[in-house]
Amino acid sequence: MKKMLKYSTFAISMLGMVSAAQAVDLNVVSWGGAYTASQMNAYYKPYTKKTGVKINSIDYSGGLAEMRAQSEAKNVTWDLVDVVLADAIKGCDEGMFRPIDMDKEMAAAPDGTPASKDFLKGTLLSECFVPQIIYSTAFAYRADAWGGKKPTKMADVFDLKNFPGKRALQKKAINNLEWALIADGVPLSKVYDVLDTDVGKDRAFKKLATIKKDVIWWTEGAIPPQLLADEEAVFGTGYNGRWFSAINEEKQPFAMLWDGQVLDIDGWAVPAKGKNVAEVMKFVKFATDTQRLADQAKYISYGPARLSSGPMVSKHATLGIDMGPHMPTKYADQGFMTDFAWWADNGDEMNERFAAWLLQ
Amino acid sequence: MANGNTQGEVVLAADGTPLKESLNKAMRKNRIRALLLVAPLFIFILFSFLIPIFDMTFRSVDNWQVGTLMPNTSLALKDWDGKAIPEEAVFEALIADLKAGAITREIGKVGTRLNYEKSGMRSMITSSARKSKKVKEGPYKPIVFKMHKKWKDLETWTVIKRNTSAYTIGYYLNAVDLKFDKSGEIVRQPENRQIYGKLFLRTFAISMAITIICIILAYPISYLLATMPLRYSNLLMIFVLLPFWTSLLVRTTAWIAMLQSQGVLNDLFVFFGFIDDANRLQLIYNLTGTIIAMTHILLPFMVLPLYSVMKTIPPTYMRAALSLGANPFVAFVRVYMPQTLSGIGAGSILVFILSIGYYITPALVGGTGGTLISNQIAYHMQSSLNWGLAGALGALLLGSVLALYTLYNKIVGIDNMKLG
């Protein structure tokens, strides 16, 4: 009996190995929620239909902790990770992710423009990163909060007299310091020059201190729309996709303040020691081609990272509204991009200082 | 010798072997059986608890990066006196290391490590490594100076030299708000970067407050539970246990709905006219929120040990005290309470240690005033990826819990603790 059990277990595990060798399943890790749903509709399902390769969608909450643990244990089970640019740069520096030759390994635009030229300028900031979408972190406000008055610029967020009420800000140094400087009159293009000086850092913290007692600090992206909906806060920062669904799907009385929006890029990174690198590269090539990126914008209000996808963005798949005006890329001139190199160098120090400032 | 009556005669068991031997055999068997029974638990604890703790504690002193990934530079810096910028030989070694590191793509780890000690060193290392690919021949010193201006700083070299050793106390210094200054002396962090000391103190203060509130709240409930007729006490017990069985996250979120300024509690206050609509109380996203939510969550850990101790106290003791002339208050304080001390002790230890490690609840309802040291540990584990610092903070937390436990043992005695 025991022997039989042993042999049958062995046989079954062999069978398992054989079947695993035949059809590769890809473990693709992304943010979950509406975002992963848009990826499923735009890339996963069409790819499985086309090639038969099954995609196991795994949710995570960002960060490189799990990725680093896997590569340190030399057992990388993730084949592909959806990361923000900052994490791609960090992971690339530490050798967690595989460098990618854009022109050789990624699809060209329909008109033949090579990938490295077709991705939006300034999005290819890490050699391990294939951009997918442009999203933004922006302020939204309750449109009914101050009668007819509407905030139009970043300085209004810091104006407690004309726009009283609580502000929901993310509990992080990044973005908040930049916004403080912009509200204090620093032009968008000079923000990081100012922030790089000690005087500039003090100035940012000083400006932030003017609204400190009226800030509710959030840590989970789902919180700020909730705070505004509950009338706990009048301003909130958050990802524009979340604001879009709160405004258009849940019909909340919010409006966007695009001024000072922080544009950020989200995309794919391939773990360097993954088990199915060749297979996964085929998938990434498919998932980031012009059509697929344009398709994704039907399901979520994030801008496609390819120039050639831009004109193909059409209407929302279920709501039927024109997605053009809801793309953060439309208001790019009112926003700026985070200087990731600066934050990579100064992030540790700034976050400590920010935490100390919160304690004061 | 166990039995004096045998007077040297060996007592035999039924099968003819000496009784002692046979007894030993049976005992050994029992011991092995007992060991086997606890083995699953032991192995589980070993892998899920002890090894991770050792691993994280080791990380808090481990400093392999520079020595392993920049072996040539480390060697060349061995005899450097630290008084002036090093000689050409060091720069040659540096270029060799940067080149190798750029190919293996591991040099970023050195940058990350050094950046913990001095902001800006991450980009200095990674950008220099990128540029090093093109370097062909020396003299290397001017080439390196051109790569990044920080290479001209003496401090850069002091930091690198300090981190060539395989172990460091740097993470522990960071964890108690100290740092190395330019010349390598240990000094306090500037005022605007001191956080961990304050957070440790706050964590202990909040945990203490929660423990005391739990005692005050749990004592009467447990008394009721222990003295009421079974019918009612069972119902009451369910009320105590129901939240205990509910997910932590659900309870925390429920508190948000209750306490927020447009929430249930404030609405009631306004409705009954305790406060006016414009001055709603801020009960959440601050210290108050953390204390309320955590007290509620941890209350069962106080009620259950108290209840189980009170259940064993015979009511006759109180009656005896009363009939001997004590008034009810004196009887309660001098006869009843001392008997519940072991329950209070057990509950306090449970609540205090649990609240020291709490992090989800403070993260959600704590705002800025109510976050604890564990939130910083989680931040360094998940976001900043500074696992060395997370390890150091965790080790300090563990150390202080063990110290408090020992203190408790000295004062109260752990044998007097009753969990049920």
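This is a predicted model: local features need pLDDT of at least 70, side-chain atom pairs count only at pLDDT 80 or more; totals for chains, interfaces and linings use all residues.
Domain bounds, as I use them here, come from an automatic or database domain assignment.

The assignment divides chain A into domain 1, made of 25-134 + 265-325, and domain 2, made of 135-263 + 336-359. Taken over C-alpha atoms, the centres of domain 1 and domain 2 of chain A are separated by 27 Å. Where the two domains of chain A meet, 16 residues of domain 1 are in contact with 12 residues of domain 2. On the domain 1 side, the elements giving two or more residues are helix H2 (33-51), helix H4 (85-93) and strand S4 (130-142) of chain A. H4(A) gives the most to that side, four residues. By class, the domain 1 side has 12 nonpolar, two polar and two charged residues.

Next, the contact between the chains. Chain B puts in 33 residues and chain A 27 residues. On the chain B side, helix H5 (107-117), helix H6 (121-132) and helix H18 (373-382) of chain B each give two or more residues. Which helix gives the most to the side of chain B that touches chain A? That is H5(B), with six residues. The chain B side divides into six nonpolar, 21 polar and six charged residues.

Leaving out residues up to four places away in sequence, Leu80(A) touches Leu26(A), Val28(A), Val29(A), Trp268(A), Val270(A), Val280(A), Phe283(A) and Val284(A).

Phe283(A) is my last stop. This residue sits in helix H13 of chain A, residues 277-287. Is Phe283(A) buried or exposed? Phe283(A) counts as buried because there are 24 C-beta neighbours inside 10 Å, and the cut-off for buried is 20 or more. Asp230(A) lies 53 residues from Phe283(A) along the chain, and 42 Å separate their C-alpha atoms.

That is all I have.

Methods. Residues are numbered from 1 along each chain as its sequence is written. Chains are lettered from A and ligands numbered from 1 in the order in which they are written. Two residues are in contact if their C-beta atoms, placed from the backbone, lie within 7 Å. A residue is buried if 20 or more other C-beta atoms lie within 10 Å of its own, exposed if 12 or fewer, and partly exposed in between; C-beta atoms are placed from the backbone. Ala, Val, Leu, Ile, Met, Phe, Trp, Tyr, Cys and Pro count as nonpolar, Asp, Glu, Lys and Arg as charged, and the others, Gly among them, as polar.
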